[in-house]
Amino acid sequence: MIASPSPLVPVPIPDRVAALIGSCLPAHVLQAEIEADCAAREVYRFRGPLCAEDRADREHALAVLARANKILAKHHPSLPVRP
């Protein structure tokens, strides 16, 4: 087996396929996936030296991400989102 020299590139999926996948998930898992994705993007916003307010916002986003990831991991181990 030959290893790929570069990591896989995410490919966008059509909206209809995403809706079909979403309809197969329970509502609380789908909501947790949306929250985890938004929180991960929020964590990426904070770079470099942070003031106290930015640190608090980053910690809040990490807490939301952790809470959503608990729900996702309980549903399926490969669903959690990394910051």
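How many disulfides does the count come to? Zero, going by the rule that a disulfide is a pair of cysteine sulfur atoms within 2.5 Å. Here are my notes on the rest.

1. Before you start: this is a predicted model, in which local features need pLDDT of at least 70 and side-chain atom pairs count only at pLDDT 80 or more, while totals for chains, interfaces and linings use all residues. Residues are numbered from 1 along each chain as its sequence is written, and side-chain values use heavy atoms, with hydrogens and water left out.

2. On the cysteines, Cys38 is partly exposed at 42% relative accessibility, and Cys51 is partly exposed at 41%. (Buried means under 20% relative accessible area, exposed means over 50%, and partly exposed is in between, with a 1.4 Å probe and protein chains only.)

3. Now look inside. The largest nonpolar core has nine residues: Val29, Ala32, Ala36, Ala39, Ala40, Val64, Leu65, Ala68 and Leu72. A core here is a set of buried Ala, Val, Leu, Ile, Met, Phe, Trp, Tyr and Cys residues joined through side-chain atoms within 4.5 Å. Helices are DSSP runs (H or I, at least four residues), numbered from the N terminus.

4. Leaving aside residues up to four places away in sequence, Ala68 touches Ala32, Glu35 and Ala36, where contact means heavy atoms within 4.5 Å.

5. There are two salt bridges, each a side-chain nitrogen of Lys or Arg within 4 Å of a carboxyl oxygen of Asp or Glu. One pairs Arg41 with Asp37, the closest N and O atoms being 2.6 Å apart. Both residues lie in helix 2, four residues apart, about one turn of the helix. Asp37 is partly exposed, at 37% relative accessible area.

6. The other salt bridge joins Glu42 to Arg45, with the closest N and O atoms 3.1 Å apart. These two are three residues apart in helix 2, so about one helical turn separates them. Glu42 is partly exposed at 30% relative accessibility, whereas Arg45 counts as exposed at 56%.

7. Last, the surface: Ile13, Val17 and Ile21 form a nonpolar patch with about 250 Å² of accessible area together. (Patch residues have over 30% relative accessible area and no salt bridge, with nonpolar side chains joined within 5 Å and like charges within 9 Å.) Ile21 is found in helix 1 (residues 15-24) and is partly exposed, at 46%.

Technical notes. Areas by Shrake-Rupley, 256 points an atom, 1.4 Å probe, with all protein chains shown as cover.
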